[in-house]
Amino acid sequence: MTAVVAIAIPIAAMALVLWVFGWMRTTEMNRGLVVLVAVLVGVGGVFIFYYGMDRIVDLFAVRWQDRIRPWVFVGPALVLLSVFLVYPAVNTVILSFRDASGSEMVGFDNYRFVFTDSAMLRSIRNTLGWSIIVPLVATVVGLVFAVLADRLTRLESVAKSLIFLPMAISFVGASVVWGFIYDFRAFGNQTGLLNGLMVAVGQEPVAWLSQEPWNNLLLMVIMIWMQTGFAMVILSAAIKSVPEDLLEAGRIDGASELQIFRRITVPSILSALVVVLTTVVIATLKVFDIVWVLTNGGSGTEVIAERFIRYFFQFRDGGRGAAVAVLLFLAIIPIMVINVRRFRAEEEIR
Amino acid sequence: MSVLQDPPAATAPEPAAPAKPTGAPGTSGIGLLVVRIAVLTIVILWLIPTLGLLVSSFRVRAITETEGWWTFLANPFDTAQWTLQHYRDVLGGRSGFGNAFFNSLAVTIPATVIPITVAAFAAYAFSWMHFKGRQILFIGVVALIVIPLHLALIPILRLYTQGVTLFGVTLIADLNLVGSYPAMWLAHTGFGLPLAIYLLRNYIGSLPSSIIESARVDGATHFQIFTRLVVPLSVPALAAFTILQFLWVWNDLLVALVFLGGTPEVRVLTMALADLLGAFGQNRHILPAAAFVTMVLPMAVFFSLQRYFVRGLTAGAVKG
């Protein structure tokens, strides 16, 4: 009985929310009004819904209440997670064994395609490059900057903010920004800074984003530009939390600053380094926007996430798209395992 | 993940002078000078690209198209080169950016508020209520954090267009949601929830149990404890996640392309900007100004709420 109610309540929750959304979809109202209603539903409606459900639980016999109420609180979240993450993830794996429209089983054909098509193979090679180079460079530069900024007597937070700022903008925005660096004109004055410099030192201008394979590195620079601030902020916090007397003891023993950094600071911030590296790896594996808008996947710059949207969205091939998504997921599984392990270790301490 | 639980505030006042190791090299004389020059060099390198965009967005079309943006350094006070026309063009009707700005708001606000509400209730249950499978369900949530949303997009699109049929039984009918705001709200809610639940549960779970228990003893219901005690006490965590989710949704291109791609009238800012960047048409001169319009809100959020922003980003580092 409890179970039935526990399941029925969250489903009723979804039905109500979907009904409101459906109503808004069909209503031809002023846009401003739609947004207003949207915000009201978001803030008020969802909250009132929880309140109503809580009151319904009050109608039950007291001994049932304590067993049902937790599901009212946690149920909607579980339903949303099931419908929008768990079910789709499982479904994607199934779809990856089907044809473009998802109707016929094709066995491993999509995976055979993924591992033989030349553009796909290039995307795997490039993604490997991205997920090694970007995290390493961003972490090293972030670490160096954190150490340097830590020694400033003033303006430390201003300097850090400026490095961190690119994190607030979109990948598309960042791509536009870097267009003014990489731009190439076949005729007339150069408008890209890099080519401006080339001309200034008497060289021929270069179409940077068509230079295989170096264009990949240039695209990675954009991602590094965006992620370094993140690495810097986390590492800076870790560095500041290294106990001062530990460093002092090292100095008294006559260790040089470099030795102290290598033997004391780096081991102390190891867990922060792992977090930064894994996080930037995940972000890098998923980035497609930069490639999508700057080279459109041409000139040998394909990456896995870009291939996904290309096959699924542009070529309308659900099967191949799903296989590419599964490939991306396989790359992330090790990090998922690390996260769950770390979480369980934390729970032990709690 | 302990470094993530208590991230620093970038704008927090610097520790008082005595906290710094006064004897350490690099804090005085030549050493400090070298450090300052190195920091300044990196900061300038990091700012140059944005500077190029900013300058180009204010220069007249004839100049941006024929000269490098850095040439303004030669005569920065020559007012003939500066103009606001590009911003007028962007925000005026025909470019579609005004409309896109509006669409971005309509997508982003509910897609931020809904997940945070749902997650807060779930986080409270995971922290302070007893039910079967609590631990294992929460580990499931933790595992979901890194699931790349690419893995979910295809079936969700099919769900929106075809509904769900299991063994010939229609579980969910055709929702006809593609090209609508709710399609985005629901998808972003699903993608944002695992991290939101995880972060809020860590915060709400670490509130002192004596407060919760004494409220229980006084006869308060869970709902009252949640609304009157836990939510007010959790404002820092709620604010951090709100900003984080706001920026994700605002800056997202992937989800928008998939669910709004075929419907120009609901195009959000990132799509409008990507379209403009891809087009080799006559509107390219407004690109810098358009890019700035898309960045202005996240940057305002960044500068005004930097402390929460940094906390949220550092805490939200693990999202998939």
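Start by selecting helix α3 (residues 62–95) of chain A together with helix α5 (residues 97–128) of chain B: in this predicted model, the two helices pack with their axes 8 Å apart, at an angle of about 125°. That angle makes α3(A) oblique to α5(B). Turn the view until one helix lies over the other, and you are looking at a left-handed crossing of α3(A) and α5(B).

Now show the side chains at this crossing. On the α3(A) side, pick P70(A), F73(A), V74(A), P76(A), A77(A) and L80(A). Their partners in α5(B) are V118(B), A119(B), F121(B), A122(B), Y124(B), A125(B) and F126(B). Which classes of residue do you find in the contact of α3(A) with α5(B)? Colour by class and you will see 13 nonpolar residues, with no polar and no charged ones.

Of the 350 residues in chain A, 45% are buried.

Bring chain B back and colour by domain. Domain 1 covers 22–83, and domain 2 covers 84–318. Where the domains meet, seven residues of domain 1 of chain B are in contact with eight residues of domain 2 of chain B. On the domain 1 side, look at α2 (29–58) and α3 (61–66) of chain B, each of which supplies at least two of the residues touching domain 2. This side of domain 1 is made up of one nonpolar, four polar and two charged residues.

For the last stop, zoom in on S234(B), in the loop between α10 (222–233) and α11 (235–251) of chain B. Is S234(B) buried or partly exposed? S234(B) counts as partly exposed because it has 19 C-beta neighbours inside 10 Å. Leaving aside residues up to four places away in sequence, S234(B) touches L200(B), Y203(B) and I204(B). Finish with a distance label between the C-alpha atoms of S234(B) and Y203(B): they are separated by 7.1 Å, with the two residues 31 apart along the chain.

Terms used
Residues numbered from 1 in each chain as written. Chains lettered and ligands numbered in written order. Predicted model: local features only at pLDDT ≥ 70, side-chain atom pairs only at ≥ 80, totals over all residues. Domains from an automatic or database assignment. Contact = placed C-beta atoms within 7 Å. Helix = DSSP H or I, 4+ residues; strand = E, 2+ residues; numbered from the N terminus. Nonpolar A, V, L, I, M, F, W, Y, C, P; charged D, E, K, R; others polar. Buried ≥ 20, exposed ≤ 12 C-beta atoms within 10 Å, placed from the backbone. Axes fitted to C-alpha atoms, helices over the stretch in contact; angles between N-to-C directions. Parallel < 35°, antiparallel > 145°, perpendicular 65-115°, else oblique. Left-handed = near helix turned anticlockwise from the far one by under 90°.
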